[in-house]
Amino acid sequence: MSTAPGRVTPPRRRRPSRLSRVLTLAAGGFLAVVAALVVLTVVSGGGGRTPTAQADVPLVRQDSHYLSDAGPGAPVLVEFLDLECEACAEVYPTVEELRAEYEGRLSVVARYFPLPGHPNSETAAVAVEAAAGQDAFEVMYQRLYETQEDWSHQEASQAEVFRGYAADLGLDLAAYDAAVADPATLQRVGQDLTDGQALGVQGTPTFFLDGQRIEPSSPDHFRELVDQALAATD
């Protein structure tokens, strides 16, 4: 996982193809990712639901980005993520599977948590937020995860790479450039980071389900936790 400021960021390792990652997760690779998160992130309790930090901040704000919106009353899964985080990219296929499996029943919200140990994490978040201004949050978010190995862990700014992705996606580049340059875009990213810190987030990925931090140990355990949240709403 990605760690909080001042912690050592693991060296870059080559990821297999997306299909291979999905199969690895299903076979138990997900457990290794989450185990690393538990070791490197200060958490309370074991592998189920844990109380959130006491903080007068919302898990979801009015301008938060919904990857799936199941409407009022549905359980809400919130992920604090770093787009340059390898653990986030490993869990990404499982999150996509959950979105598909629980479509119409589970809301899924993505919030930024860029960490200084990753040189382009903030730049990536700004690029996705700029794309969000053209209703392209999801496709840009997906593009960055799917190409992460190409641009991550490089000291040079990858802003032009991200601009190329925006062009490939058919975005209005003048509007995209203006959004990237607008201080409000970076402030929007910073608001998510500040909220996450207040909620006790120290590493990525960190998940909350209906207001409680969860620590799923496998894809099946993740589904079990979602099923429990759904049952509680019946």
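## Contact between H3 and H8

In this predicted model, helix H3 contributes Glu 122, Ala 125, Val 126, Glu 129 and Ala 130 to a contact with helix H8, where the residues they meet are Thr 185, Leu 186, Arg 188 and Val 189. By class, the residues of this contact divide into five nonpolar, one polar and three charged.

## Geometry of the crossing

Two packed helices are described by the angle between their axes together with the distance between those axes. For H3, which spans residues 121-132, and H8, which spans residues 183-198, the axes come within 9 Å and cross at roughly 110°. Because angles of 65 to 115 degrees count as roughly perpendicular, H3 is roughly perpendicular to H8. The crossing of the two helices, H3 and H8, is right-handed.

Val 126 lies in helix H3 and has a relative accessible area of 10%, so that, with the limit for burial set at under 20%, Val 126 is buried. When its neighbours within four places in sequence are left aside, Val 126 is in contact with Val 180, Thr 185, Leu 186 and Val 189. The C-alpha atoms of Val 126 and Pro 183 are separated by 9.9 Å, although these two residues are 57 residues apart along the chain.

## The chain as a whole

The secondary structure of the chain comprises nine helices and six strands, and buried residues account for 48% of its 234 residues. Of the contacts between residues at least 6 apart in sequence, 84% join residues at least 24 apart. The chain exposes about 10,300 Å², of which carbon and sulfur atoms supply 52%.

Notes. Residues are numbered from 1 along each chain as its sequence is written. This is a predicted model: local features need pLDDT of at least 70, side-chain atom pairs count only at pLDDT 80 or more; totals for chains, interfaces and linings use all residues. Side-chain values use heavy atoms; hydrogens and water are left out. Axes are lines fitted to C-alpha atoms, for helices over the stretch in contact, and angles run from 0 to 180 degrees between N-to-C directions. Helices (H or I, at least four residues) and strands (E, at least two) are DSSP runs, numbered from the N terminus. Angles under 35 degrees count as roughly parallel, over 145 as roughly antiparallel, 65 to 115 as roughly perpendicular and the rest as oblique. A crossing is left-handed if the near helix is turned anticlockwise from the far one by less than a right angle, and right-handed if clockwise. Contact means heavy atoms within 4.5 Å. Ala, Val, Leu, Ile, Met, Phe, Trp, Tyr, Cys and Pro count as nonpolar, Asp, Glu, Lys and Arg as charged, and the others, Gly among them, as polar. Buried means under 20% relative accessible area, exposed over 50%, partly exposed in between (1.4 Å probe, protein chains only). Accessible areas come from the Shrake-Rupley method with a 1.4 Å probe; for residues, only the protein chains shown count as cover.
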